[in-house]
Amino acid sequence: MIWLVCAFLLLATFFYVFYLPGKLFLGPEKTRAGFLRERKDAVYENLRDLNFEYKAGKVPDADYASLKSSLQDEAATILAEITRLENPTPQTQKGTRS
């Protein structure tokens, strides 16, 4: 009798742990543009933090200039790619004459 209760509890535990009801919502689908927007936000936050730490005297002038330059370059690259993805240029068809 005790074995029957233990087996039932074991099956109930497995059912509770591993049962996947109907359809799972895994969140919105990740796109390249969405990833780039998240990365842009992170770069801007890093720039704000860098400016704050520089004004607080925690970052030397030379390091500040190089870090700021690299973050600005990364931001420009990200913005250019976002623009390219959101506004694709029309491509001409190959093999046709106009």
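Which helix holds both E81 and R84, and how many residues apart are they? Select the two: both lie in helix α3, three residues apart, which is about one turn of the helix. The tour below returns to this pair after a view of the whole chain.

The model is a predicted one, in which local features need pLDDT of at least 70 and side-chain atom pairs count only at pLDDT 80 or more, while totals for chains, interfaces and linings use all residues. Residues are numbered from 1 along each chain as its sequence is written, and side-chain values use heavy atoms, with hydrogens and water left out.

**Whole chain**

Begin with a cartoon view. The chain has three helices and zero strands, and along the sequence it reads α-α-α. Helices (H or I, at least four residues) and strands (E, at least two) are DSSP runs numbered from the N terminus. Next, colour by accessibility: of the 98 residues in the chain, 12% are buried. Here buried means under 20% relative accessible area, exposed means over 50%, and partly exposed lies in between (1.4 Å probe, protein chains only). The areas come from the Shrake-Rupley method, and for residues only the protein chains shown count as cover.

A pair of aromatic rings is described by the distance of the centres and the angle of the planes. Rings of Phe, Tyr and Trp (its six-membered ring) pair if their centres lie within 6.5 Å; planes under 30 degrees apart count as stacked, over 60 as edge-to-face and the rest as tilted. By this rule there are three aromatic pairs. In one of them, the ring centres of F14 and F18 are 5.9 Å apart and the planes are at 25°, so the pair is stacked. F14 and F18 are four residues apart in helix α1 (residues 2-18), and therefore separated by about one helical turn. F14 is partly exposed at 45% relative accessibility, whereas F18 is exposed at 59%.

Now select F15 and Y19, another stacked pair, with 4.8 Å centre to centre and 25° between the planes. F15 is exposed, its relative accessible area being 55%, and Y19 is partly exposed at 46%.

**Salt bridges**

A salt bridge is a side-chain nitrogen of Lys or Arg within 4 Å of a carboxyl oxygen of Asp or Glu. The whole structure contains five salt bridges. E38 is partly exposed at 46% relative accessibility, and K30 is exposed at 63%.

Move to E86 and R37, where the closest N and O atoms of the salt bridge are 2.6 Å apart. This pair links distant parts of the chain, with E86 in helix α3 (residues 61-86) and R37 in helix α2, 49 residues apart. Both residues are partly exposed: E86 has a relative accessible area of 42% and R37 one of 36%.

Return to E81 and R84, whose side chains meet in a salt bridge at 3.7 Å, N to O.

**A negative patch**

Finally, select D41, E45, D49 and E53, which gather in a patch of negative charge on the surface. Patch members have over 30% relative accessible area and no salt bridge, and like charges are joined within 9 Å. E45 belongs to helix α2 (residues 32-55) and is partly exposed, with a relative accessible area of 43%.

How values were computed:
Patch = residues over 30% accessible without salt bridge, like charges linked within 9 Å, V, L, I, M, F, W, Y side chains within 5 Å. Areas by Shrake-Rupley, 256 points an atom, 1.4 Å probe, with all protein chains shown as cover. Lys, Arg positive; Asp, Glu negative; His and termini not counted. Charge placed at Lys NZ, Arg CZ, Asp CG, Glu CD.
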